[in-house]
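Me: Could you walk me through this model, one question at a time? I'd like to see how each answer is reached.

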There are 2 protein chains.
Amino acid sequence: MATQRLATWAQALTYPDLPHEVSHAAVRSFYNWVGCAIGGSQHEATTIARNSLSPFFGAPTSSLLGHHGIQIDAQHAALINGIASHVHDYDDTHLDTIIHPTGPVASALLAVAEWKKGVSGEDFIVALVAGIEAECKVGLTVWPEHYDVGWHITSSAGSIGAAVAVSKILRLSTVQTSHAIGLAATQVIGLREMFGSHTKSFHPGRAAQCGLLAAVLAENGYTSSEKALEANRGWANVVGATKADAAQNLDRWLSVNGPDGLASTGSQVGRWEILRNSFKPFPCGIVIHPIIDACIQLRREIGEDNANPQSIKSVTAKVHPLVLELTGKKTPKDGLEGKFSVYHSGACGLLFGKATPAEYADGVVRDPKVIALRDLITAEIHPTLMPEQATVTVALKDGRTFTKDITNAVGSLEVPLSDEMLETKFIGQCMPVLAGQVHRASEACWAIETSDDIADIVQFLRL
Amino acid sequence: MATQRLATWAQALTYPDLPHEVSHAAVRSFYNWVGCAIGGSQHEATTIARNSLSPFFGAPTSSLLGHHGIQIDAQHAALINGIASHVHDYDDTHLDTIIHPTGPVASALLAVAEWKKGVSGEDFIVALVAGIEAECKVGLTVWPEHYDVGWHITSSAGSIGAAVAVSKILRLSTVQTSHAIGLAATQVIGLREMFGSHTKSFHPGRAAQCGLLAAVLAENGYTSSEKALEANRGWANVVGATKADAAQNLDRWLSVNGPDGLASTGSQVGRWEILRNSFKPFPCGIVIHPIIDACIQLRREIGEDNANPQSIKSVTAKVHPLVLELTGKKTPKDGLEGKFSVYHSGACGLLFGKATPAEYADGVVRDPKVIALRDLITAEIHPTLMPEQATVTVALKDGRTFTKDITNAVGSLEVPLSDEMLETKFIGQCMPVLAGQVHRASEACWAIETSDDIADIVQFLRL
């Protein structure tokens, strides 16, 4: 029943069914994904994939984001944009499963929307929601054993999300959507052993491509199981590892009646997973985020004019032990090391009021002014603090002191990134690639819901 | 170590390292695969895949077997030929793992060889051996738990075999081959729940494509784990289901020193899995094979002139209970039902001396002469017989009786298909597609080892 339930739910979902907060969460997820995909478009992994696979590119229908007008076939666009969107580990996170949900779904969806032409923003957003709900729900049914045993849940669940989303755009029937889910479920992508290599970013890209392929085959009558998720030798039982109640879990998470089930279109029963999606504000390890957050807020309190090594006497951070274990680098030498330095990161928060990819450029890490402020920062372990907490105190040379306690850093579910901060992140990622075009790109993405044709947006996302 | 060991072994393997029986087994495996791929080229699943994916086809470099001169990109050729080769469930079987080994490997290899041009038959055969050894060895490390839990081992291990084979053809270094293995290992294709739908045949095709993609990315510097098979969260542990000793097993099967390990190139230590590959002689359930085998042999003994309903008084088969349970259809109405009729199958063995796809055409099943002989056959269960055994007795009207005991049917490891029977099978599969060209195709495939360029063979395999 679970596969059919999911297919039926997805097929019936319409844009007017989405509460405003849900559609806005989808726009934010799309917006953040575009920034990540453009931000990662020049990365070595993206470049290798693009160059090595070019002999296979089919008729040009879909754009490579952040590139010079390059269009390729939708399958390869899904793969390569998906790689780019994850390669900096800067994409979104569904915290209940640590799925990065938008990568596999939006990479497939944008490629198909551009290929098929005339897909409206509303249709795109409802397909995105359907796909994200699908992958997060099936992820929840096998979490955490599935992840613990070694599956990269973003891609192993992601291909199913991509298949559901593309099935929506292609207007597949319920049976066809079930077959698409089956074809996606039988392609299980992503071992955690690959973390630390290019292959980690391959995972969401390949999941997008697998889901797209699944939907296209199903559209044309290629048959699959109609109980791929719940069958004895189906997805949940096979990849659920030691989880004995995988099938029961499917019933719980894919029911439209229960409070945890698929969100009901009319009556608000059920839960929208997309409302539990979160965005990383800073391109570095999450343990430093509370300190950066505190420093950015303190910059406003002490006044921008005082946020420099001339006015500041000392900065003291009380932190969780993991902060120094993972990011205790006192004298980082380049951008990459800067990401593992709470001192550099805190200094950027105070000096610039932000920590975007630009603040982790080699030149910034070696800037004497940054180094001077960095050297004024000390970090002390406080065993009673939680990882999401920190306290930062700035003492000015004029004798005043300012203290900021962070209980939950910005970017958490409790303190979500504002649209404004999301835009700062977007601009920081895209500026080096899109330059003067970045603001038009940002505007177009924010306005996606009013678009008659997604292709009109994409033109601003390539060069 | 296991991944590196496999990569090192594969990279070093040369054609002169192959004992004659091994290279001949590879030629037979290739030959049988070509017949299956051409035989399945007109199947609905193959047609749907070809039509629905045509918008994605890249530059034409590689042939679709059995089609009118169609060349497409190597990735899609691997996928579609792989689908075709498995769609009739008539391909080869490595009986220790029930992997159908040639599909994933040869589908990728032929597509790449044609694309790259100038690949010799010797290089092709050694790559095929490397790939088949790789997939069967890694399959053995997780067998049988991996299959039992629900993985279609042909494809879940097959992508690794395809990656190793293509890495050979592309002359990758050991490190690149390790990365290719990693990229293939992270794409785990095939749930058994899909059996009974088109998606079963999708599995070996997709595995071929995944392995090909993996090798191409690795060739260009896309990095992966170098211990993808053996790591804590690597392939064997993640897909090995409850198999606690997966890592130990890897050491055993991927050692070049042990008797079960990878075959040593010089000293003959180790075991060649390709010598344990078997070929199905008849396109029907394996339980009828002993009866067909007996009937074909009896035809020779009673004389072809007597092998008809005019001369035969009765035929009595003593069979294992499964034969009647699975294939007890007394009055089959069409070709598909004929495959589930021991009576029809036995009658064809006696009347025609063969049971190829042609004998399961609707017209043959409805042929009065076939029906007349079929009605003379009775089958009795003998509880002491093993499934691979049968005894068939033919009583002629002239009073003579002939009896044939089968201990192992032809096609088993004990009684391998002769080259001549393999050719009968090939012709039977290919004749409806290639017509007059079939004998040239057969000759070219048998002579693969002497070819300077695989493309010279492929020209006979399309129309």
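Me: Which residue is the bridge partner of A:Val315 in β8(A)?

Reply: Happy to start there, with a word on the ground rules: this is a predicted model in which local features need pLDDT of at least 70 and side-chain atom pairs count only at pLDDT 80 or more, while totals for chains, interfaces and linings use all residues. Residues are numbered from 1 along each chain as its sequence is written, chains are lettered from A and ligands numbered from 1 in the order in which they are written, and side-chain values use heavy atoms, with hydrogens and water left out. Strands β6 (residues 312–319) and β8 (residues 390–396) of chain A run antiparallel and are joined by six bridges; strands here are DSSP E runs of at least two residues and helices are H or I runs of at least four, numbered from the N terminus, and two strands pair if DSSP finds at least two bridges between them. In β8(A), the partner of A:Val315 is A:Val394.

Me: And in β7(A), what does A:Ala317 bridge to?

Reply: Strands of a sheet pair through backbone hydrogen bonds, either parallel or antiparallel. β6(A) pairs with strand β7 (residues 377–381) of chain A in the parallel sense, over five bridges. The partner of A:Ala317 in β7(A) is A:Ala379.

Me: Which strands of chain B stand at the edges of the open sheet, each with a single partner strand?

Reply: The open sheet has four strands with mixed pairing, in the order β7-β6-β8-β9 (chain B). Each edge strand has a single partner, so one side of it is left without a neighbour in the sheet; the two are β7 (377–381) and β9 (401–406) of chain B.

Me: Which residue in β9(B) is the bridge partner of B:Ala390?

Reply: Strand β8 (residues 390–396) of chain B and β9(B) pair in the antiparallel sense over six bridges. Within β9(B), B:Ala390 has as its partner B:Ile406.

Me: What is the volume of the largest cavity?

Reply: A cavity is a set of points, on a 1 Å grid over the protein atoms alone, where a 1.4 Å probe fits but cannot get out; its lining residues have an atom within 4 Å of a point. The structure holds one cavity of 30 Å³ or more. Its lining includes A:His76, A:Arg206, B:His76 and B:Arg206, and α4 (74–86) and α11 (199–219) of chains A and B each supply at least two lining residues. Grid points are joined across faces, edges and corners, and the volume is the space filled by probe spheres set on the points; for the largest cavity that is about 50 Å³.

Me: Where is A:Pro144 found?

Reply: Most residues other than glycine have a negative phi, and most peptide bonds are trans. The bond from A:Trp143 to A:Pro144 is cis, with omega near 0°. A:Pro144 sits in the loop between α6 (121–142) and α7 (145–149) of chain A.

Me: Is A:Asp89 buried or partly exposed?

Reply: A:Asp89 lies in the loop between α4 and β3 (93–94) of chain A, and its phi is near 50°, a positive value in a residue other than glycine. Buried means under 20% relative accessible area and exposed over 50%, with partly exposed in between (1.4 Å probe, protein chains only). Because its relative accessibility is 35%, A:Asp89 counts as partly exposed.

Definitions and conventions
On a 1 Å grid over the protein atoms alone, a cavity is a set of points where a 1.4 Å probe fits but cannot get out, and a pocket is an open set with protein on both sides within 12 Å along at least five of seven lines; lining residues have an atom within 4 Å of a point.
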